[in-house]
Amino acid sequence: MESVQAIKQRFGIIGNTPALNRAIEKAIQVAPTDISVLVTGESGVGKESIPKIIHQLSHRKHNKYIAVNCGAIPEGTIDSELFGHEKGAFTGASQTRAGYFEVADGGTIFLDEVGELPLTTQVRLLRVLENGEFLKVGSSKVQKTNVRIVAATNVNMFEAIEKEKFREDLYYRLSTVDINLPPLRERQEDIHLLFRKFASDFALKYKMPTVKLSDSAIQMLTKFRWGGNIRQLRNIAEQLSVLEQNRTITSEILRGYLPDSASTNLPAVIKTSKSESDFSSEREILYKILFDMKGDLNDLKKLTMELMKNGNTKDVEKNNESLIQKIYGENDDEDTDYEESLDTSTELLSIAEHPVEEDITPIQDKYHFAEEIEEEETLSLHQKELELIKKSLERHQGKRKLAAAELGISERTLYRKIKQYDL
Ligand SMILES: Nc1ncnc2c1ncn2[C@@H]1O[C@H](COP(=O)(O)OP(=O)(O)O)[C@@H](O)[C@H]1O
Ligand SMILES: [Mg+2]
């Protein structure tokens with residue numbers, strides 16, 4: 001039997017916390033059997049590697065491994081995706097189609113976010129688990145399959161059962177063995193280890209020197225709460241790797257990347273306002289960014305129209321100098337009207353933190369730079385949005401209706417966002 005260390009190396013799993021080692025050991029032990037396994041743990045803790053280990057160490061390894069994200073498939077099509085359908089079963093079903101349970105015969109299916117399965121699908125799943133039988137949608141012919149199921153969830157299944165959103169019998173059938181992965185905040189000794197791994201991966205990817213943390217930054221990183229777990233840590237390592245020109249990251253720099261901290265890497269307007277971030281100011285930031293982006297978009301539309309009407313790039317550039325300047329930032333002139341460019345460029349530049357060497361940057365590069373900044377801005381925007389949603393949900397104890405009302409969006413939109421951010 002392969003050792004825990006060898007498995008970690010083979011599957012690129014970093015960390016040495018006893019709870020992580022136990023989880024891997026359990027996966028190794030159950031792999032050769034056909035027992036159903038339920039992997040539990042918060043979002044971003046690394047649940048996806050467990051079913052891979054189980055499949056690779058089982059006698060099924062030469063057959064198919066299919067990972068299905070149950071939360072991402074619309075309710076109307078999930079039965080057909082999993083079990084297939086007959087020709088003519090519903091409008092648009094022009095061909096008979098095999099589902100995952102047929103395709104993966106002899107292999108393993110990983111049902112991620114299994115708690116999201118509609119109740120009708122749960123009934124079909126229970127039947128497959130109990131006797132390997134299923135029906136294609138629109139068919140009455142019983143088919144057989146031999147599939148091993150590994151499921152994962154980040155929701156509290158007992159709560160789901162209580163609310164009658166999940167069948168109790170299915171839960172027990174799925175969770176013959178439960179493998180739990182601890183949240184990152186309970187794996188403090190692994191945090192810096194993981195960061196170093198991600199920093200070196202991103203250095204290679206972006207062909208830049210590896211970022212390193214100062215002692216105080218290591219401390220800050222270790223004490224942080226990591227609501228998004230390893231996924232969030234990886235994300236921050238990537239941002240630092242791409243954005244920071246100074247490759248030694250101090251706690252002051254790091255603070256700007258950790259949500260909820262005193263200063264963010266967002267617009268300067270916020271830096272000078274309240275030091276602690278509260279809900280209303282976050283909403284203001286969002287509105288401001290959205291507003292500015294909309295303004296930029298309109299300016300770009302104008303410019304594109306000009307270009308379409310008047311194909312001569314040089315003329316358009318000349319006639320729309322101020323517009324171009326507004327969209328792409330200040331130009332080289334010493335006497336640029338600072339006030340005028342302030343609204344659109346403060347937040348862009350404050351993200352970069354380092355002055356742009358305007359006078360040696362050729363025009364083309366400047367446009368390119370502006371594009372990159374815009375992308376980063378969108379990134380921060382997503383991060384802020386994610387935080388807003390999380391906080392609102394926490395405040396209302398997960399009640400989506402109340403959170404949606406507070407955020408001023410429909411419940412449906414909130415639901416989509418929750419999916420999008422893997423909350
Ligand atoms: N122990 C680990 N070592 C290295 N990377 C990890 C580890 N655990 C998770 N990751 C990375 O973190 C991210 C989130 O992991 P994932 O398995 O998708 O989380 P979950 O399914 O629990 O939400 C992935 O990019 C994954 O590669
Ligand atoms: Mg996942």
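**Entry 1: T40**

I looked up T40 and found it in strand β1, residues 37–40; strands are DSSP runs of E of at least two residues, helices runs of H or I of at least four, both numbered from the N terminus. I note that the model is predicted: local features need pLDDT of at least 70, side-chain atom pairs count only at pLDDT 80 or more, and totals for chains, interfaces and linings use all residues. Side-chain values use heavy atoms, without hydrogens and water, residues are numbered from 1 along each chain as its sequence is written, and chains are lettered from A and ligands numbered from 1 in the order in which they are written.

Is T40 buried or exposed? I recorded T40 as buried, because its relative accessibility is 14%; buried means under 20% relative accessible area, exposed over 50%, and partly exposed in between, with a 1.4 Å probe and protein chains only.

I then listed the residues that T40 touches, leaving out those up to four places away in sequence: K47, T153, D178, I179, N180 and L181. Contact here means heavy atoms within 4.5 Å. With D178, the side chains make a polar contact at 3.2 Å. A polar contact is a pair of N or O atoms within 3.5 Å; within protein, one must be able to donate a hydrogen and the other to accept it, and residues adjacent in sequence count only if both atoms are side-chain atoms.

**Entry 2: ligand 1**

I checked the oxygen atoms of ligand 1 next. One lies 3.0 Å from an N or O atom in the R231 side chain. A backbone N or O atom of E48 is also 3.0 Å from an oxygen atom of the ligand, and for a polar backbone atom of V45 I noted 3.3 Å. The protein covers 81% of the 550 Å² of accessible area that ligand 1 has on its own, by the Shrake-Rupley method with a 1.4 Å probe.

**Entry 3: the whole chain**

I recorded 20 helices and 11 strands for the protein chain. Of its 423 residues, 45% count as buried. Among contacts between residues at least 6 apart in sequence, 69% join residues at least 24 apart. The chain exposes about 22,800 Å², of which carbon and sulfur atoms supply 52%.
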